[in-house]
Amino acid sequence: MEPFYSIFFKCPECYHQVEQHAKADDNSFEAYYEENVPRLVANTIIGNTIYCPNCGDRFTIAIDTNATTVPLYLRRG
Ligand SMILES: [Zn+2]
């Protein structure tokens with residue numbers, strides 16, 4: 001079986017947990033929740049269409065630009 005990452009989302013309509021797989025670049029089977037997805041993993045699934053099996057609604061995976069916390073850093077200059 002090919003290794004993959006599992007990313008878990010909460011359906012915004014019915015709150016059912018929806019799972020998306022992402023191709024893993026190592027031999028691990030990691031699991032992430034939508035609030036804490038490593039960027040390299042996120043880059044492979046952003047824009048994907050995802051169906052909620054519970055309510056049947058369809059969503060596009062996107063970066064939450066209104067997230068309450070964002071990573072900051074000090075850039076030189
Ligand atoms: Zn749903």
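## Basis of the model

The structure is a predicted model, in which local features need pLDDT of at least 70, side-chain atom pairs count only at pLDDT 80 or more, and totals for chains, interfaces and linings use all residues. Residues are numbered from 1 along each chain as its sequence is written.

The predictor's confidence in each residue is given as pLDDT, on a scale from 0 to 100. The mean pLDDT of the protein chain is 93, and 100% of the residues score at least 70. Among the elements of the chain, strand β5 (residues 58–60) has the highest mean pLDDT, 97, while α1 has the lowest, 92.

## Overall organisation

The protein chain contains one helix and five strands. Both kinds of element are DSSP runs numbered from the N terminus: helices are H or I runs of at least four residues, and strands are E runs of at least two. Along the sequence, these elements follow the pattern β-β-β-α-β-β.

The C-alpha trace spans about 50 × 35 × 15 Å along its principal axes. Of the 77 residues in the protein chain, 6% are buried. A residue is termed buried if 20 or more other C-beta atoms lie within 10 Å of its own, exposed if 12 or fewer do, and partly exposed in between, with C-beta atoms placed from the backbone. Contacts are defined by C-beta atoms, placed from the backbone, that lie within 7 Å of each other. Among the contacts between residues at least 6 apart in sequence, 50% join residues at least 24 apart.

## The three-stranded sheet

Three strands form an open sheet with the order β2-β1-β3 and mixed pairing. Strands β2 (17–23) and β3 (31–33) stand at the edges and have a single partner strand each, so one side of each is left without a neighbour in the sheet. From one strand to the next, the twist averages 25°; the axes behind such angles are lines fitted to C-alpha atoms, for helices over the stretch in contact, and the angles run from 0 to 180 degrees between N-to-C directions.

Strands of a sheet pair through backbone hydrogen bonds, either parallel or antiparallel. Two strands are taken to pair if DSSP finds at least two bridges between them. Strand β1 (residues 4–10) pairs with β3 in the parallel sense over three bridges. On this side, S6 stands opposite A31, and I7 has Y32 as its bridge partner. The pairing of β1 with β2 is antiparallel and extends over seven bridges.

## The hairpin and residue Y15

Strands β1 and β2 form a hairpin with six residues between the strands. Y15 lies in this loop and has a positive phi near 70° although the residue is not glycine. Most residues other than glycine have a negative phi, and most peptide bonds are trans. Y15 is exposed, because 11 other C-beta atoms lie within 10 Å.

Y33, a residue of strand β3, also counts as exposed, since 12 C-beta neighbours fall inside 10 Å. Y33 and Y15 are 18 residues apart along the chain, and their C-alpha atoms are separated by 14 Å.

P3 belongs to the segment before β1. With 12 other C-beta atoms within 10 Å, P3 is exposed. Leaving aside neighbours within four places in sequence, P3 is in contact with A24, D26, N27, S28 and F29. Between P3 and A42 there are 16 Å from C-alpha to C-alpha, and the two residues are 39 residues apart in sequence.

Helix α1 covers residues 39–42 and includes L40. L40 has 10 C-beta neighbours inside 10 Å and therefore counts as exposed. The separation of L40 and F59 is 19 residues in sequence and 21 Å in space, C-alpha to C-alpha.

Note on methods:
Contact = placed C-beta atoms within 7 Å.
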